[in-house]
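Reader: Hello! I am new to this, so please pick one place in the model and take a close look at it with me, then show me what lies around it.

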Amino acid sequence: QVQLVESGGGLVQAGGSLRLSCAASGRTLRSYTMGWFRQDPGKEREFVAAITNSGGTTYYADSVKGRSTISRDNAKNTVYLQMNSLKPEDTAVYYCAATTIYGTRYEGLYNYWGQGTQVTVSS
């Protein structure tokens, strides 16, 4: 079992930045591809970014590419999502997730999920 806890969300003005963290316990994250997803009320949960086990490859949704950076520190069992130039449309609950499937961005293949952290971007 892997327990994931997100933090770092909050209220920020458009153009600002936030750094989300996802701390894991229960197992080392070295065996997992890690992903970030987000969901706005009334919408489907959508993929944001993913990073492979060693951090060698990253994937981004077109909507955040160039503005966000996913990274991981396996020694700290933590994954990060740095988000810059935030827009009101980035407002959502952001979820961290872990999967044993290498490099996937498909939500259904993620085995473990955190409880989410709210990001609100004001215009």
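Author: Happy to! Let's begin at Asn77, which lies in the loop between strand S7 (68-73) and strand S8 (78-83); strands here are DSSP runs of E with at least two residues, numbered from the N terminus. This is a predicted model, where local features need pLDDT of at least 70 and side-chain atom pairs count only at pLDDT 80 or more, while totals for chains, interfaces and linings use all residues. Residues are numbered from 1 along each chain as its sequence is written, and side-chain values use heavy atoms, with hydrogens and water left out.

Asn77 has phi near 55°, a positive value in a residue other than glycine. Asn77 counts as buried because its relative accessibility is 13% (buried is under 20% relative accessible area, exposed over 50%, partly exposed in between, with a 1.4 Å probe and protein chains only). Ser85, in the loop between S8 and S9, also has a positive phi, near 50°. Ser85 is partly exposed, since its relative accessibility is 42%.

The charged end of Arg45 sits over the ring of Trp113, 3.9 Å from its centre.

The whole structure has six aromatic pairs (rings of Phe, Tyr and Trp, the last by its six-membered ring, with centres within 6.5 Å; planes under 30 degrees apart are stacked, over 60 edge-to-face and the rest tilted). One of them joins Tyr32 and Tyr112 edge-to-face, at 6.0 Å centre to centre and 85° between the planes. This pair links distant parts of the chain, 80 residues apart: Tyr32 is in the loop between strand S3 (18-25) and strand S4 (33-39), and Tyr112 is in strand S10 (residues 112-113). Tyr32 is buried at 3% relative accessible area, and Tyr112 is buried at 17%.

Phe37 and Trp113 make a tilted pair, 5.0 Å centre to centre with 55° between the planes. They sit 76 residues apart, Phe37 in strand S4 and Trp113 in strand S10. Phe37 is buried, with a relative accessible area of 1%, whereas Trp113 is partly exposed at 25%. Both belong to one aromatic cluster, together with Phe47, Tyr95 and Tyr110.

Key
Helices (H or I, at least four residues) and strands (E, at least two) are DSSP runs, numbered from the N terminus. A charge sits over a ring if NZ of Lys or CZ of Arg is within 6 Å of the ring centre and within 35 degrees of the ring normal.
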